[in-house]
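Subject: Structure handover

Hello,

Here is the structure you were waiting for, followed by notes on what was found in it. Please read the notes with the model open beside them.

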Amino acid sequence: MGSEMCIRDRLTATQPNGVWSGPVWVNASGLFTPGAIGVFTVNYQIGTGSCATDDDVTVEVVNGANVNAGPDFSVCANDPVVPLVPNLQPGTWTGTGLTLNDEFDPVAAGPGIHILQYTYNDANGCVIVDDVIATVDPIPSITLASDTQFCVTPIAQQIFHTPTGGTWSGPNVDPITGAYIPNTVTPSNDPDTLYYTYTDANGCTNSDSLAVTETVPPFTASAGNDTSGGVFDPPFPLIGDGLGGDWTGQHVTPGYAFDPQVVGTFTLTYWSCCSLQGHSPCVVLGFFFSSRRRHTRSSTVSWARRCV
């Protein structure tokens, strides 16, 4: 008798528990894995001694259809669905993250390596299986400061963000550094929205945002009383209103002291804290008056304070 078979078909006999033999591609249990197409004779033997009997079967091995389920691919965990387009259709897909429309959904599958199996029945009745490996890379994790509030000031405020190397967008924010200048009061119900977008080495992108409200300072900064000093006097501390503000200007040393090394007129600026965040500015103008006495030179400085 004869039989037409596909690769990796199993031979069956009407009397079970016998032994198959023949080409090197058939094992004793009848699993036939031919390495070539063609016609082959396979023997089946059952029983022992005088009760032993055998029979031959002619097997024609046909070439199954050349099925290609498609190339392996990598996507990000937040990418849209990926159409799966094998070269021969219709067939059946199995695996994680598959939709009813023969698409792969990275969001449903989640990060990791997923094997998608495609099964196709050809015209000879052969069942051909091919796989596609879908790698889903995780999206990068972004951490931003919480929604925050600043007082109106021309001084840039740094917005915390990690990892660095992304891009900022939104009103009054530096796209690279994330430095934000709160120079305009925002309505309480319409804060500035700042967006941060980051792309990792896999090309996966994530973004997050925060709301920033800008308010009028609840108090007026105070730079302290007017004072005076000599050119070579020791540095004296700049205290202001004692609320931990910042001083800027010429001859202002770290730790906020003024070290008068030369005669001249200088402008010092004091920025006092507004609530828990932000700053309220107060500009301090300094006027130096120089005088000479013998071999020494001294000068007097007076500060006139104006808040803005």
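Strands here, like helices, are DSSP runs numbered from the N terminus, with at least two residues (E) for a strand and at least four (H or I) for a helix.

Two remarks on the source. This is a predicted model, in which local features need pLDDT of at least 70 and side-chain atom pairs count only at pLDDT 80 or more, while totals for chains, interfaces and linings use all residues. Residues are numbered from 1 along each chain as its sequence is written, and side-chain values use heavy atoms, with hydrogens and water left out.

Overall

The protein has one helix and 27 strands. Of its 308 residues, 35% are buried; buried means under 20% relative accessible area, exposed means over 50%, and partly exposed is in between (1.4 Å probe, protein chains only). Among contacts with a separation of 6 or more, 51% are between residues 24 or more positions apart, a contact being heavy atoms within 4.5 Å. The accessible surface comes to about 17400 Å², and carbon and sulfur atoms hold 52% of it. Accessible areas come from the Shrake-Rupley method with a 1.4 Å probe, and for residues only the protein chains shown count as cover.

Around β20

Strand β20 covers residues 205-215. Its pairing with β19 (192-199) is antiparallel and runs over eight bridges; two strands count as paired if DSSP finds at least two bridges between them. In this pairing L194 stands opposite L210 of β20. Strand β14 (residues 148-151) is also joined to β20, in parallel, by four bridges, and there Q149 stands opposite T213. T213 counts as buried at 17% relative accessibility. Beyond its neighbours within four places in sequence, T213 is in contact with T148, Q149, F150, T186 and P191.

The disulfide

How many disulfides does a search of the whole structure find? The search finds one, taking a disulfide as a pair of cysteine sulfur atoms within 2.5 Å. The bond joins C76 to C204, with 2.1 Å from S to S. The link of C76 and C204 is left-handed, at -95 degrees about the S-S bond. C76 lies in strand β7 and C204 in the loop between β19 and β20, so the pair ties together parts that are 128 residues apart in sequence. Both ends are buried: C76 has 7% relative accessibility, and C204 has 0%. Another cysteine, C51, is exposed at 62%.

The four-stranded sheet

Strand β7 also belongs to an open sheet of four strands, in the order β7-β12-β11-β9, with mixed pairing. Its edge strands are β7 (73-76) and β9, each of which pairs on one side only. Neighbouring strands of the sheet are turned by 25 degrees against each other on average, direction ignored; axes are lines fitted to C-alpha atoms (for helices over the stretch in contact), and angles run from 0 to 180 degrees between N-to-C directions. Between β9 and strand β11 (residues 112-121) the pairing is antiparallel, over three bridges, with W93 opposite Y118 of β11.

N87 is found in the loop between β8 (82-83) and β9 (92-94). With a relative accessible area of 43%, N87 is partly exposed. Not counting residues up to four places away in sequence, N87 touches N66, V67 and N68. The C-alpha atoms of N87 and V67 are 6.4 Å apart, although the two residues are separated by 20 residues along the chain. The side chain of N87 reaches the backbone oxygen of N66 at 2.9 Å, and a polar atom of that side chain lies 2.7 Å from the backbone nitrogen of N68. P90 has its place in this loop too, and the peptide bond from Q89 to P90 is cis, with omega near 5 degrees.

Other backbone points

- The peptide bond from T162 to P163 is cis, with omega near -5 degrees; P163 is in the loop between β16 (161-162) and β17 (167-169).
- D102, not a glycine, has a positive phi of about 55 degrees; D102 sits in the loop between β9 and β10 (103-104) and is partly exposed at 34%.
- N172 has a positive phi too, near 60 degrees; N172 is in the loop between β17 and β18 (179-180) and is partly exposed at 35%.

Regards

Key:
Polar contact = N/O pair within 3.5 Å; in protein donor to acceptor, adjacent residues only side chain to side chain.
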